[in-house]
Amino acid sequence: MAKDKSIYTCTECGGTSARWMGKCPHCNAWNTLIESAAEAASGGKNRLGSAQYQALAPSSEVLPLSQIEAADFDRHPTGIDELDRVLGGGMVEGGVVLIGGDPGIGKSTLLLQAVDALQRGGMNTLYVTGEESGAQVAMRSRRLGLPDSQVPVLPEIQLEKILHTLQTRQPNIAIIDSIQTVYSDQLTSAPGSVAQVRECAAHLTRTAKATGTTIVLVGHVTKEGALAGPRVLEHMVDTVLYFEGDTHSNFRLIRAIKNRFGAVNEIGVFAMTEKGLKGVSNPSAIFLSQHSEPVPGSCVMVTLEGTRPMLVEIQALVDSGGPSPRRLSVGLERDRLAMLLAVLHRHAGVACMDQDVFVNAVGGVHIREPAADLAVMLAITSSLRGKPLPKGFIAFGEVGLAGEVRPAPRGQERLKEAAKLGFKTAVVPKANMPKKGDKAFEGLTVYPVERIEEAMQVVRGLD
């Protein structure tokens, strides 16, 4: 028998090559080519040009931007406040949302809760499950306390049947769980392959744009935590959400990585309960340790996640090390920690060359902004001196290599959040100093600083 012809497809850009190469010739990514069976040539099967899809792409005339009506998007709130926050206010008509996360973290649970709330609100919904039977979905709905749910469920993985159901029922919201299980008869490759995922997502996206149906795709993730399949999948959709959190913890975070209809890096905080995922209205309480008395090495900062200010506790432990001291950070950039230690030594006279330094962001949150610099340095100094910072103390600000303390974006909102939660003392960059007489900061004493040595002097004066 003749050997089946193979092609190599890039998981990053979807480009193909006749033979394996270490680097993709299209996007120059290394080690991304995966072998798959070549598609048989067929003159009558043009996947995106067949008659059943011609109606989905009507021709449009060319118009200047000034003549195009810029109407706002119609949104459908899900009734889950934290999910609506991440989406930018709710599901957008004709939008495509891709949500990924580790197995068992709660993707299907949250979407079943959301689609049930939309169904009860009068929306026409459809839940397409390719990984479970209808009975399994019904069992989950009963565990979530939704015994009389009227959500229509379609256990199906063939793309053509799913598209036919979407065109027949014309739902407002459709959930596809998951895109890796869907396959098209037009392709010979197996479900979950690069070609299948790319083509099925393209057809579903075109259907959403043509009919106005909001489609939510559930995506698998790789062991590195990235969405499985070609990277072009994230470019096709309008919104990309990631589930974060430890499966052994009760708390989950949903982060918006891409959102054409809202703010990126917005997060929603949920608690896993027996009745499913419940939104956490005050997430700052999760990321603050409950110390009866102040302890050395602890400093609270206000970080921004999208439009939401949150209080996070930064903990540092400085201990005597050997000839090769360790530098370890959890939730913060490791290279930035080494840089801050060098600035602390050069400009503040605090030496940690022979000390092990461990830094942790409480609650498993990952802080990606440099506004945590000042809090990290004050926590390290507090642990090294063995003296706690005052009760009700917060700090934030970026620290440069020259020792200057740079302003953090939206500093007024950070200080308002701290004042609202009862904090009394704040050390902030001088440019973030609030205006005098503003009643939103009553009870909060703010110390503006321009350099790291000034911040150290202020803290020593508060002891």
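Helices (H or I, at least four residues) and strands (E, at least two) are DSSP runs, numbered from the N terminus. This is a predicted model, where local features need pLDDT of at least 70, side-chain atom pairs count only at pLDDT 80 or more, and totals for chains, interfaces and linings use all residues. Residues are numbered from 1 along each chain as its sequence is written, and side-chain values use heavy atoms, with hydrogens and water left out.

**Exercise 1. Work out how helix 5 packs on helix 6.**

First, the geometry. Axes are lines fitted to C-alpha atoms, for helices over the stretch in contact, and angles run from 0 to 180 degrees between N-to-C directions. The axes of helix 5 (residues 159-169) and helix 6 come within 11 Å, crossing at roughly 10°. Angles under 35 degrees count as roughly parallel, over 145 as roughly antiparallel, 65 to 115 as roughly perpendicular and the rest as oblique. The two helices are therefore roughly parallel to each other.

Then the residues: helix 5 brings L159, I162, L163 and L166, while helix 6 brings C200, H203, L204 and T207. To sort them, count Ala, Val, Leu, Ile, Met, Phe, Trp, Tyr, Cys and Pro as nonpolar, Asp, Glu, Lys and Arg as charged, and the others, Gly among them, as polar. That gives 6 nonpolar, 2 polar and no charged.

**Exercise 2. Repeat the analysis for helix 3 and helix 4.**

Helix 3 (residues 107-120) and helix 4 (residues 134-143) have axes that come within 11 Å and cross at roughly 75°. Helix 3 is therefore roughly perpendicular to helix 4. S108, T109 and L112 of helix 3 meet V137, R140 and S141 of helix 4. The tally here is 2 nonpolar, 3 polar and 1 charged.

**Exercise 3. Find the residues that touch the most other members of the largest nonpolar core.**

A nonpolar core is a set of buried Ala, Val, Leu, Ile, Met, Phe, Trp, Tyr and Cys residues joined through side-chain atoms within 4.5 Å. The largest one has 48 residues, and I314, V359, I367, L374, V376, L378 and I380 touch the most other members. Helix 9 gives the most to this core, with 7 residues. Zooming in, I380 touches A316, V318, L337, L341, L344, C352, V357 and V359, leaving out residues up to four places away in sequence. Apart from this core lies another, of 30 residues, including I80, L146, I173 and V216.

**Exercise 4. Sum up the whole chain.**

The protein chain has 11 helices and 23 strands. Of its 463 residues, 49% count as buried.

Key:
Buried means under 20% relative accessible area, exposed over 50%, partly exposed in between (1.4 Å probe, protein chains only). Contact means heavy atoms within 4.5 Å.
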